[in-house]
Amino acid sequence: MRKRSTHPATFVIERYFAASPAEVFAAWADPKVKAGWFLGSDEFEESNHRLDFRIGGQESVSGGPPSGPVHVYNAVYRDIVPNERIVYTYDMHLDKWRISVSLATVELKLAKSGTRMIFTEQAVFLDGMDSPGAREQATRDLLDNLDVALRREPATA
């Protein structure tokens, strides 16, 4: 039997993107664009990315290295203000084990020639299977991918 534990944590990441708030927002909202920056590493086998970007809509994806474990992400969009704010809750699983439950807030602010994004995640990490530091680094990596995607081809709202 697994030892049960909880570890609540919050982290905030501020990023600047050389794209308008509308372009950054569209990169979160458009399923094709989001799939280009949000899915796992190149070694991951992805399956069934679904994005229903509306209040109450859901997003899900699963995947992982060929030898496992399978990482499962399930989100629900709680609040959306176009070009300004996205609030969603999500949980993560490794195989059958729930490893965390989170509330994430994405704020988009007009900045000189671009967008200042403030990403805040409030999470509880379960049973020692994930950690705040690892999650924050993974999120930073995803936001690096977003920056590359926005530089390559700006999304349109």
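## Charges

Lys and Arg count here as positive and Asp and Glu as negative, while His and the chain ends are not counted. The place of a charge is taken as NZ of Lys, CZ of Arg, CG of Asp or CD of Glu. On that basis the protein chain carries 19 positive and 22 negative side chains, and 5 Å separates the centres of the two sets.

## Basis of the model

The model is predicted: local features need pLDDT of at least 70, side-chain atom pairs count only at pLDDT 80 or more, and totals for chains, interfaces and linings use all residues. Residues are numbered from 1 along each chain as its sequence is written, and side-chain values use heavy atoms, with hydrogens and water left out.

## Overall form

The protein chain has three helices and seven strands; these are DSSP runs numbered from the N terminus, with helices being H or I of at least four residues and strands E of at least two. Their order from the N terminus is β-α-α-β-β-β-β-β-β-α. The radius of gyration is 16 Å, close to the 15 Å given by the globule rule for 157 residues, so the protein chain is as compact as a globular protein of that length. This radius is taken over C-alpha atoms, and the rule is 2.2 Å times the number of residues to the power 0.38. Along the principal axes, the C-alpha atoms fill a box of roughly 55 × 30 × 25 Å.

## Surface and contacts

Of the 157 residues in the protein chain, 41% are buried, meaning under 20% relative accessible area with a 1.4 Å probe, protein chains only. The protein chain exposes about 8600 Å², of which carbon and sulfur atoms supply 51%; the areas come from the Shrake-Rupley method with a 1.4 Å probe.

A contact means heavy atoms within 4.5 Å. Among contacts between residues at least 6 apart in sequence, 50% join residues at least 24 apart.

Two strands pair if DSSP finds at least two bridges between them. Strand 5 (residues 85-94) and strand 6 (residues 97-111) run antiparallel, joined by 10 bridges. Leu94 stands opposite Trp97 in strand 6. Their hairpin has two residues between the strands, and Asp95 takes a positive phi near 50° there.

Strand 6 also pairs with strand 7 (residues 114-126), in the antiparallel sense, over 12 bridges. Lys109 faces Arg116 in strand 7. This hairpin too has two residues between the strands, with Ser113 at a positive phi near 50°.

## His93

His93 lies in strand 5. The residue is buried, with a relative accessible area of 15%. Not counting residues up to four places away in sequence, His93 touches Val70, His71, Val72, Arg98 and Ile99.

Key
Buried means under 20% relative accessible area, exposed over 50%, partly exposed in between (1.4 Å probe, protein chains only).
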